[in-house]
Amino acid sequence: MDIKILQWFGEVFHNQMWLNYIMKYVTYLGEFGAAAIISAVVLFVFGKTRWAGVGVAAAFVLDVLIVNIILKLAVNRARPWQAYPDLGFHEFHVLIGVREPTDSSFPSGHTAALFAAAVCIVMYYKAKGIPAIIVAALVAFSRIYLCMHYPTDVLGGILIGSACGVAGYFISKGIKKLFDRRKIKDEV
């Protein structure tokens, strides 16, 4: 079923060059976890949002460990253009100029990183964090649209990234409690 969805995207949308280029640039938001890292740094810089920055950083680090160090190596799923070289995915990537990753397909690292950051942000800021979820969802969609991942890779990235976002939130809350206790002891 996964490959049929990718074929459908190719048949229906890949002749729209303007949309291809939009998706190409949307997907770059997840390159090397850039949006997640930038979010963590920006939040950390300001005192009022510092602990949210710690949470996003913790979520991202946890995500990288689980996705890139454990799952991608353990599952070792071939990318769509590697598994189905006759379907024209590689030629499509060359045509629009997207970089083809060399790591495993499952789970989607772009998706997981952005959902880790976005879910942590939503846990801190509720409805104000919805734009982060929208960006993460757009990047996730772009990974399928560009045939970089199978839909199940992206779904896996959403689930794992979301779990890491929740964990990052609770990790930062736990660290903050430790700091607050220490601060009280130092004042006494």
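Predicted model: local features only at pLDDT ≥ 70, side-chain atom pairs only at ≥ 80, totals over all residues.
Is Phe 32 buried or exposed? At 67% relative accessibility, Phe 32 counts as exposed (over 50% relative accessible area is exposed, under 20% buried, in between partly exposed; 1.4 Å probe, protein chains only). Residues are numbered from 1 along each chain as its sequence is written, and side-chain values use heavy atoms, with hydrogens and water left out.

**View 1. Positive phi at Phe 32 and Asn 76.** Phe 32 sits in the loop between H2 and H3. Its phi is near 55°, a positive value in a residue other than glycine. Asn 76 also has a positive phi, about 50°, and is not a glycine. Asn 76 belongs to the loop between H4 and helix H5 (80-83). With 58% relative accessibility, Asn 76 counts as exposed. Helices here are DSSP runs of H or I with at least four residues, numbered from the N terminus.

**View 2. Helix H7 and its end.** H7 covers residues 109-125, 17 residues in all. From first C-alpha to last it reaches 24 Å, close to the 24 Å expected at 1.5 Å a residue (the expected span is 1.5 Å times one less than the number of residues). Of the 17 residues, 15 are buried, so H7 is largely enclosed by the rest of the structure. Lys 126 follows H7, with a positive phi near 50°.

View 3. The bond from Phe 106 to Pro 107 is cis. Its omega is near -10°. Pro 107 lies in the loop between H6 and H7.

**View 4. Salt bridge between Glu 31 and Arg 99.** The two side chains meet at 2.6 Å, N to O (a salt bridge is a side-chain nitrogen of Lys or Arg within 4 Å of a carboxyl oxygen of Asp or Glu). Glu 31 is in the loop between helix H2 (17-27) and helix H3 (34-45), and Arg 99 is in the loop between helix H6 (89-96) and H7, so the pair ties together parts 68 residues apart in sequence. Glu 31 counts as buried at 13% relative accessibility. Arg 99, at 41%, counts as partly exposed.

**View 5. Salt bridge between Asp 103 and Lys 72.** The N to O distance is 3.5 Å. This pair links distant parts of the chain, with Asp 103 in the loop between H6 and H7 and Lys 72 in helix H4 (residues 50-75), 31 residues apart. Lys 72 is buried, with a relative accessible area of 4%. Asp 103 is partly exposed, at 30%.

View 6. Lys 176 pairs with Asp 180, the closest N and O atoms being 2.9 Å apart.

**View 7. A network of salt bridges.** Asp 2, Arg 77 and Asp 153 are linked in this network. The whole structure holds six salt bridges.

**View 8. A nonpolar surface patch.** Ile 37, Ile 38, Val 41, Val 42, Val 45 and Phe 46 make a patch of about 540 Å². Patch residues have over 30% relative accessible area and no salt bridge, with nonpolar side chains (Val, Leu, Ile, Met, Phe, Trp, Tyr) joined within 5 Å. Val 45 lies in helix H3 and counts as exposed at 52% relative accessibility.

Technical notes:
Helix = DSSP H or I, 4+ residues; strand = E, 2+ residues; numbered from the N terminus. Patch = residues over 30% accessible without salt bridge, like charges linked within 9 Å, V, L, I, M, F, W, Y side chains within 5 Å. Areas by Shrake-Rupley, 256 points an atom, 1.4 Å probe, with all protein chains shown as cover.
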